[in-house]
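Let's take a friendly walk through this fold together. Have a look at the chain first, and then we can go through its parts.

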Amino acid sequence: MKLVIRNGRVLRPDHQHGFALPGLTDLYIADGLIVTLQPAGSAALPGWQADREIDVRGQMVAPGLVDLSARLREPGYEYRATLESEMQAAIVGGVTTLVCPPDTDPVLDEPGLVEMLKHRARGLAGARLFPLGALTVGLQGEVLTEMAELVEAGCVGFSQANSPMGDTQVLLRALQYAKTFGFKVWLHPQDAFLGRGGVAHAGPLASRMGLSGVPVIAETIALQTMLELIRVTGARVHFCRLSSGAGLALVRAAKREGLPVSCDVAVHHLHVIDQDIGWFDSNHRVDPPFRAQRDREAIRASLLDGTIDAICSDHTPVDDDAKALPYGEAEPGTTALELLLPLVLKWAREAAIPIERALAKITCGPAAIIGQEQLAGSGAGELREGGVADLMIFDPDLLWTVQRESLVSQGRHSPFLGYEIAGRVNTTLVAGLCAFERSKGAAN
Amino acid sequence: MIRRHPQIDSQGRLRHLLCIDGLPKAMIERVLDTASAFLDVSDRTVKKLPLLRGRSVFNLFFENSTRTRTTFEIAAQRLSADVFNLNISASSASKGESLLDTIDNLAAMNADLFVVRHAQSGAPFLMAQHLDRRGKDIHVINAGDGRHEHPTQALLDAYTIRHFKKDFTQLRVALVGDILHSRVARSNIHALTTLGVPEVRAIGPATLLPGGLEAMGVQVFHDMREGLRDVDVIIMLRLQNERMRGALLPSAQEYFKQYGLTEEKLAIAAPDAIVMHPGPMNRGVEIDSAVADGPQAVILSQVTFGIAIRMAVLGIIAA
């Protein structure tokens, strides 16, 4: 299969600033790889016989997005979402590589389950799926999983998902064991006791609304403990979904100290704060909770200074019944795969940074955290000659309104419902094949 | 996005009573004035007005309550409404029916007004918004939601204060005890600050005071003697049994010694200070019997005024 994409504005995000190729570019793709980039209008490649040409007329062409946390809800929660629906939501959102946490039912703590999931995903023409294995059996925080076996089955790292690790000794041993084999551990820092029962950021708003709070110290105390264990073990750790300025300050200091750590934030935390909860709107119930305005400002500053390596969607489809409950009983989670790009573009505009620089946080940044070795050297998250042709083609200025009906994901809950946002993916390529093309005239 | 307060309709009328937070001063004063007129009805031999004749009021108590439910029932009956008491905790909720299914079913029985108590903060908002979305012309009155608010209690407390003190704008009011878990305290803070009380104090140990009280216009005191100095109104809060022992407080005895209202501590307040309590009281835990039964206590007046306030709220919302 040979494909030419004509007249694209090519963006190449990288860890520093990224750059946009001047003018318009033609991309030549064959056998799933990008063969060459040529200035638009230059002479056809000798002997090149394209099976298909797509003229994108000045739309932006960038690497497919890499999402470090998307719950697909299989196995076990098929009433919330299915692999089919969520893989489709991913490519509609331009996400071509995604990592799923192990908090399925059963938990991803056995190689057979991981193989089954990968096999099911391969059968669908969607994003590339990289599961995280459970760090402990059943995420119970007691018994270590067979990490080496799980890696052979396809796990790219190990995680407790949102289940806090109460027993520090088990965490120490898990890190020692992972370090033995060089596996990366992905941890969501939240103290098992301080966060217990909390449903909102512990602050004036939670006090006023009579909601029990998750204090910032639930994050910082867990981080302090984990950082001490990393100093002792030398284990490589990725911190998932930080929420507070104080937590980010600890990560910043740890990086300066030279500890092998990285971190991400959920994309909605770039925009939403606790005050936005309004009158108990359960669409705003997420884990970790939306924090204060100064935390949001700290998140934005930490993205620019490099403390935060990646932005994830933290896509968590929840069924209507689980959201149509009083705030404290509603299930945390929001749909986000299809909002990842527009919400990052919104941040880029507000922070006045070039799109290619912002895109680094959802392309090469997260790809580096997964590791090119785990990605099988595919070049996911990059756009280069000889690299894999996982691409998304988008219009950064196209306005659309987020509505339940406009989402492909089975999760229909988001703080952004009703908002008009800019930026929409029109075509997604996975391994040089069109996995998604928005039909013309489909407005929303 | 700017959203209307869910208890106000597009004409600015009070459609539901969900919280005091955001309720305009004029609206609070209207409730107090209306209650004043209704108070006379309670003294007549024939204690009925035809205001809500033919209307159905459903008392939905997902959490147990005697006093609040009874006073709402009396208030609705004095306005000639048909009252139905549902003890939900014993029926559908325990059979696994969802909150909104219960509401839809009751709405189908042609209810006009729901009086709701629920253990979860915000539950009455969920119900009111659900009914509004379904286009149901049913009013919701919050009779206590979790730790959030208990608006009619704050209104009857404001009524009581106005009755005894006349003017809000010269007062010092102290709330004493478990503010953290108290919906009464939250509603009172909003009502008092809205009505122009210049000094609202919260007194209690740090374990029972939520963070951010200052942002609600409240001065925080840990020393009860200091906090009671020159106050005109003392509102004692109930300490739930399950909070008396554990990580919040070591014992009821120690609590009483530090924060129980005794005659000796009452003497620190202004000489004509009144003592209030939303009930039910724990004598010997938050309040000494000598004070509860003493001349400065207005606790039983609160109960009487409570009926008039609830009549006023029902009348304003549903008539």
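What covers the buried residues of α1(A)? The cover includes β8 (95-100), α2 (111-122), β19 and β20 of chain A. Before going on, a word on the model: it is predicted, so local features need pLDDT of at least 70 and side-chain atom pairs count only at pLDDT 80 or more, while totals for chains, interfaces and linings use all residues. Residues are numbered from 1 along each chain as its sequence is written, and chains are lettered from A and ligands numbered from 1 in the order in which they are written.

Helices (H or I, at least four residues) and strands (E, at least two) are DSSP runs, numbered from the N terminus. Helix α1 (residues 83-92) of chain A is largely enclosed by the rest of the structure, because 9 of its 10 residues are buried. Buried here means that 20 or more other C-beta atoms, placed from the backbone, lie within 10 Å of a residue's own. Among the buried residues of α1(A) are A:L83, A:E86 and A:I91. After α1(A) comes A:G94, with a positive phi near 85 degrees.

Now step back to the domains, whose bounds come from an automatic or database assignment. Chain A has domain 1 (2-62 + 386-398 + 419-437) and domain 2 (64-370). Their contact (C-beta atoms, placed from the backbone, within 7 Å) takes 24 residues from domain 1 of chain A and 24 residues from domain 2 of chain A. On the side of domain 1 of chain A that touches domain 2 of chain A, β19(A) gives the most, with 7 residues.

Conventions: Two residues are in contact if their C-beta atoms, placed from the backbone, lie within 7 Å. A residue is buried if 20 or more other C-beta atoms lie within 10 Å of its own, exposed if 12 or fewer, and partly exposed in between; C-beta atoms are placed from the backbone.
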